[in-house]
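Here's a quick tour of some side-chain contacts, written for someone with the structure open on screen. Start with the charged residues, then move on to the rings.

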Amino acid sequence: VVAAIVIGGAIFLWTQRSRMGSGPERPEGVAVVPEGSRTVTLYFADKQNQTLLTETRLVAIGKELVEQVEQVMGALLEGPEEDGISTIAPGTRLLNAFYDTESATVYLDFSAEIVAGHPGGSSAEYYTIAAVIRTVSENFPEVQAVQILVEGLQVGTLGGHIDAYRPFIVRDWR
């Protein structure tokens with residue numbers, strides 16, 4: 001009797017699955033949005049490197065703030081999909097991110113390429129820092145300061161002109 005019930009249940013489930021098919025088909029031209037994604041704003045320089053442009057992008061992100069910051073910074077490091085140029089040296093990677101809730105400071109630990117590959121000049125350095133800070137502050141309003149680290153260490157400057165040793169206060173960079 002038990003074997004007949006198990007076999008009957010299996011046949012029932014198999015026929016139901018066959019009748020239902022693989023599920024509803026997605027209409028052509030409709031994109032699949034990954035679960036846990038959101039639209040974010042990224043900052044890039046214009047082609048003349050005279051101002052910052054915004055670009056909105058759909059980014060798959062995690063639940064925790066640090067995870068989200070890492071995903072948004074990853075999108076920034078990929079560079080623009082539309083107009084503009086990246087303000088961050090090619091090959092730069094985000095090694096780690098931390099968030100101190102007490103000071104509302106995000107610590108972004110970049111690979112050495114952010115300094116070694118920096119083109120130099122005060123405006124290029126300004127746009128590198130501004131793109132990072134504005135991207136963070138636009139997408140994470142709870143963040144009040146951003147500390148840029150290189151290979152886990154504080155650095156005096158990224159390109160020789162702007163003091164990067166202390167955290168950058170977000171309101172000063174808007």
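This is a predicted model: local features need pLDDT of at least 70, side-chain atom pairs count only at pLDDT 80 or more; totals for chains, interfaces and linings use all residues.

Glu 78 is exposed, with a relative accessible area of 63%. Its side chain meets that of Arg 57 in a salt bridge, at 3.5 Å from N to O. Arg 57 sits in strand S2 (residues 52-60) and Glu 78 in helix H2 (residues 65-78), so this pair ties together parts that are 21 residues apart in sequence.

Glu 81 is another partner: its salt bridge with Arg 57 has the closest N and O atoms 3.6 Å apart. Here the link runs from strand S2 to the loop between H2 and strand S3 (94-100), so it ties together parts that are 24 residues apart in sequence. Glu 81 is exposed too, with a relative accessible area of 60%.

## The buried end of the network

What about Arg 57 itself, buried or exposed? Arg 57 is buried, because its relative accessible area is 7% and anything under 20% counts as buried. Glu 55 also counts as buried, at 2% relative accessibility. The side chains of Arg 57 and Glu 55 meet in a salt bridge too, at 2.6 Å from N to O.

Put together, Glu 55, Arg 57, Glu 78 and Glu 81 are linked in a network of salt bridges. The structure's count comes to five salt bridges. In general, side chains of opposite charge can pair when their charged atoms come close.

## Helix H4

Now over to helix H4, which covers residues 122-139. H4 has 18 residues and reaches 26 Å from its first C-alpha to its last, close to the 26 Å expected at 1.5 Å a residue. The helix is mostly covered, with 14 of its 18 residues buried. Tyr 126, which lies in H4, is partly exposed, with a relative accessible area of 31%.

## Rings that meet

How many aromatic pairs does the structure hold? There are three. In one of them, the rings of Tyr 126 and Trp 173 have their centres 5.2 Å apart and their planes at 20 degrees, so the pair is stacked. Tyr 126 belongs to helix H4 and Trp 173 to the segment after strand S7 (168-169), so the pair ties together parts that are 47 residues apart in sequence. Trp 173 is buried, with a relative accessible area of 12%.

Trp 173 also pairs with Phe 168, this time edge-to-face: 5.4 Å centre to centre, with 85 degrees between the planes. Phe 168 is buried, as is Trp 173.

## A charge over a ring

Arg 38 lies over the face of Phe 140, at 5.1 Å from the ring centre.

Terms used
Residues are numbered from 1 along each chain as its sequence is written. Side-chain values use heavy atoms; hydrogens and water are left out. Helices (H or I, at least four residues) and strands (E, at least two) are DSSP runs, numbered from the N terminus. The expected span of a helix is 1.5 Å times one less than its number of residues. Buried means under 20% relative accessible area, exposed over 50%, partly exposed in between (1.4 Å probe, protein chains only). Rings of Phe, Tyr and Trp (its six-membered ring) pair if their centres lie within 6.5 Å; planes under 30 degrees apart count as stacked, over 60 as edge-to-face and the rest as tilted. A charge sits over a ring if NZ of Lys or CZ of Arg is within 6 Å of the ring centre and within 35 degrees of the ring normal. A salt bridge is a side-chain nitrogen of Lys or Arg within 4 Å of a carboxyl oxygen of Asp or Glu.
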